[in-house]
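Dear colleague,

I am handing over the structure we spoke about, and below it I have written down what was found. Please keep it open beside the text while you read.

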Amino acid sequence: MTVQVSAQLSIGNEGLTIMAGTTFSSEGLTLTPSANLILSNNSIQMSSTPLAGSPNGSINRAYQFGAPITFSGTAGISYLTTELNGHDEASLQLAYSPAANAPYILTSGSTVNTTNHVVSNSFTNRNLFAVTAVGPPDLIPLLSALPSTQYGTTNFTVVVDVFELNSTATSELATVYITKDPLIALSFDASSTFVGGKVVQNGSWTFDGTSNDDFYLVRTTQVIGPKARRSFGLTGTLRPGNTKGSIAITSTIAGLSGGEVKLTNNSDSDKIDYFNK
């Protein structure tokens, strides 16, 4: 992925050796290699144009090498608070692209110094072509249970759509908890692509209905891309016996699941009203 150039450092045939443990800095990008790093016939370009994204994209600072380098050590970005582009400073993570036209990969565990305004992380044998900082992904679930009114023993469906809102791909796999109820038995078909009138991607999820007494656990097998949706569908049977009432089925994305840190929008519920015949 290419960034617009606004400042550039060029390194010619003579090369530049950065000794292990020595910090090299160029336009706010710092590299502290864990082994001697030799740069030659390369360049480092800095741009103040953020990577595209809605609502925020990246911060207003990104770097691109003329050719990818294989790097082990600590990389960091020094930024201005005016460059945050709407992101929460304390939640910043480094993101890097390993090659031209390759998507950015979000790191986890970045260290943010909010006093000196530096975000950094450690790398081991990673190809770095471009580096920037972004906010973490933000996942929300939307659950739909149909039919919402049931009489006697009834078959029904539960569909959960998981959306990424922050234009940042998840950095790890996500887990969704679905509440259990004694009156309901839910099942999962990994081959399903259409459940409850909705398109789902059950093949991108795994289902665990036995390890937890209170919840079904549904986990992604792939990352969820920026502003993307990934859905799964369950089928179930409600057996009310001689009772009537209401049941709330709740989906909750596990805290910090997928690399996100915003926990205030991780749950959604739908209610079923049921009656005995």
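Let me begin with the aromatic rings, where the count comes to seven aromatic pairs. Please bear in mind throughout that this is a predicted model. One of these pairs is formed by Tyr151 and Phe275, whose rings are stacked, with 5.3 Å from centre to centre and 20° between the planes. This pair links distant parts of the chain, since Tyr151 belongs to strand E13 (residues 149-151) and Phe275 to strand E23 (residues 267-275), and the two are 124 residues apart.

The open sheet has six strands in the order E13-E23-E22-E15-E20-E19, with mixed pairing. Its edge strands are E13 and E19, each of which pairs on one side only, and the twist from one strand to the next averages 20°.

A further open sheet is made of four strands in the order E12-E14-E21-E16, and here the pairing is antiparallel. At its edges are strand E12 (139-146) and strand E16 (184-187), each pairing on one side only, while the twist averages 25° from one strand to the next. E12 is joined to strand E14 (residues 154-164) by eight bridges, and these two strands run antiparallel; Pro141 stands opposite Val162 in E14.

In soluble globular proteins, nonpolar side chains tend to be buried together. The largest nonpolar core here has 26 residues, and those with the most contacts inside it are Ile69, Phe71, Ile77 and Leu128. Strands E4 (29-33), E5 (37-39), E6 (42-47), E7 (58-78), E8 (93-97) and E11 (118-134) each supply at least two residues of this core, and E7 gives the most, with seven residues. Apart from this core lies another, of 25 residues, among them Ala145, Val160, Ala174 and Leu234. If residues up to four places away in sequence are not counted, Ile69 touches Leu31, Leu37, Leu39, Asn42, Arg126, Asn127 and Leu128.

Asn202 lies in the loop between strand E18 (198-199) and strand E19 (205-208), and Asn202 counts as buried because its relative accessibility is 0%, where the cut-off for buried is under 20%. Asn202 and Asp189 are 13 residues apart in sequence, and their C-alpha atoms are 7.0 Å apart in space. Leaving aside neighbours within four places in sequence, Asn202 is in contact with Phe188, Asp189, Ala190, Ser192, Ser231, Phe232 and Gly233.

Thr111 is placed in strand E10 (residues 111-113). Its C-alpha atom is separated by 8.3 Å from that of Leu92, 19 residues apart along the chain, and, not counting residues up to four places away in sequence, Thr111 touches Val118, Val119 and Ser120.

With best wishes

Conventions:
Residues numbered from 1 in each chain as written. Predicted model: local features only at pLDDT ≥ 70, side-chain atom pairs only at ≥ 80, totals over all residues. Heavy atoms only, no water. Pairing = 2+ DSSP bridges. Axes fitted to C-alpha atoms, helices over the stretch in contact; angles between N-to-C directions. Core = buried A, V, L, I, M, F, W, Y, C linked by side-chain atoms within 4.5 Å. Buried < 20%, exposed > 50% of the residue type's maximum accessible area, 1.4 Å probe, protein only. Contact = heavy atoms within 4.5 Å. Phe/Tyr/Trp six-rings, centres within 6.5 Å; stacked < 30°, edge-to-face > 60°.
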